[in-house]
Amino acid sequence: MQLSDSIYAYPWTSMQANNCNTYVVRCGQKTMMIDPGHAQLYGHVENGLTADGIREAIDLVVLTHCHPDHMEAAAMLQRTGAKLAMGLLEAEFYEGEGKKLASMMGMNPADLVIDIFLDEGELELGEEKFQVIHTPGHTPGHMCLHMPGAKALFSGDLIFAQGVGRVDFPGGDGQALKDSILKVGKLDLDTVLPGHGPVVNGPDQVRLNFEMIEKAYFGMI
């Protein structure tokens, strides 16, 4: 579904299987996808793209982190010509503990070749400039993507509507998660687009969500 002139959301709402929300940003002549999700569940994204009239190939796939429910379908998109981008620290983590976690969950770890290793700073695609923000805690190399022009944050599994990413998987760090949440909480945001659950929309709702998270969760993680 279309959220703005350039941002499209394909939320995962089924309770029968775990998967992530997927987002698409049209940047002039370029199209970026954030977190394509599980390969076997990617059909819901394809259906959404068709409904929204998005027929062009995906140029860039940004992976916020290496958990299978966010990145497994990336290999399929890479075969169609998309470039894959992930934080360098996260890519290194995936080759060790990340793949072990996938195996522990009974999954075959995706064999990905990352084309672009992200670091903090600017990411330019087509007519848009994004800010890549290193936000460890859920995983060591987790990244959020800030779209200043839209005042939007693609938050992966850092923060959700009234929730935070878990830290009990390998590489999780509660203090790092708190520090990362405080870091992105300083941004001028109208919208938070999380990896799971509903979008947080409107500056007042975004501010209240950060306040609630600090009060409700910071003593628990």
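Analyst: A pocket is an open set of grid points with protein on both sides within 12 Å along at least five of seven lines. A volume is the space filled by probe spheres set on those points. Please keep in mind that this is a predicted model.

User: How much space lies in the largest pocket, and which residues are closest to its centre?

Analyst: The largest pocket holds about 230 Å³ of space. Its lining comprises 16 residues, of which Asn18, Asp69, Asp157, Arg166 and Phe169 are the closest to the centre. By class, the lining divides into six nonpolar, seven polar and three charged residues. Two of the central residues also interact: Arg166 lies over the face of Phe169, 4.1 Å from the ring centre.

User: Which residues line the second largest pocket, and which helices supply them?

Analyst: That pocket has about 180 Å³ of space. Its lining consists of Tyr42, Glu46, Leu49, Ile54, Glu56, Ala57, Ile58, Met76, Leu77 and Thr80. Helix 1 (43–51) and helix 3 (74–79) each contribute at least two of the lining residues. Here the division is seven nonpolar, one polar and two charged.

User: How should I read a pair of aromatic rings, and how many does a search of the whole structure find?

Analyst: A pair of aromatic rings is described by the distance of the centres and the angle of the planes. In this model, the search finds one aromatic pair. It is formed by Tyr23 and Phe154, with 5.6 Å from centre to centre and 65° between the planes, and is edge-to-face. The pair links distant parts of the chain, since Tyr23 belongs to strand 2 (residues 22–27) and Phe154 to strand 10, 131 residues apart.

User: Are Tyr23 and Phe154 buried or exposed?

Analyst: Both Tyr23 and Phe154 are buried.

User: Let us turn to the backbone. Which residues other than glycine have a positive phi?

Analyst: Most residues other than glycine have a negative phi. Lys151 is one with a positive value, near 50°. Lys151 is found in the loop between strand 9 (143–147) and strand 10 (152–156). Gln162 is another example, with a positive phi of about 60°. Gln162 is placed in the loop between strand 11 (159–160) and strand 12 (163–164).

User: Finally, how do the strands pair, and what is the order of the open sheet?

Analyst: Strands of a sheet pair through backbone hydrogen bonds, either parallel or antiparallel. In this model, six strands form an open sheet in the order 7-8-9-10-13-14, with mixed pairing. Strand 7 (121–125) and strand 14 (200–201) are the edge strands, each pairing on one side only. Strand 7 runs antiparallel to strand 8 (residues 128–134), joined by five bridges. Within strand 8, Lys129 is the bridge partner of Glu124.

User: What does strand 5 (residues 83–87) pair with, and is strand 5 mostly covered or exposed?

Analyst: Strand 4 (residues 60–62) pairs with strand 5 in the parallel sense over three bridges, and Leu60 stands opposite Lys83 in strand 5. Strand 6 (residues 116–118) also pairs with strand 5 in the parallel sense, over three bridges. There, Gly87 has Leu118 in strand 6 as its bridge partner. Strand 5 is mostly covered, with four of its five residues buried.

How values were computed: Residues are numbered from 1 along each chain as its sequence is written. This is a predicted model: local features need pLDDT of at least 70, side-chain atom pairs count only at pLDDT 80 or more; totals for chains, interfaces and linings use all residues. Side-chain values use heavy atoms; hydrogens and water are left out. On a 1 Å grid over the protein atoms alone, a cavity is a set of points where a 1.4 Å probe fits but cannot get out, and a pocket is an open set with protein on both sides within 12 Å along at least five of seven lines; lining residues have an atom within 4 Å of a point. Ala, Val, Leu, Ile, Met, Phe, Trp, Tyr, Cys and Pro count as nonpolar, Asp, Glu, Lys and Arg as charged, and the others, Gly among them, as polar. Rings of Phe, Tyr and Trp (its six-membered ring) pair if their centres lie within 6.5 Å; planes under 30 degrees apart count as stacked, over 60 as edge-to-face and the rest as tilted. Buried means under 20% relative accessible area, exposed over 50%, partly exposed in between (1.4 Å probe, protein chains only). A charge sits over a ring if NZ of Lys or CZ of Arg is within 6 Å of the ring centre and within 35 degrees of the ring normal. Two strands pair if DSSP finds at least two bridges between them.
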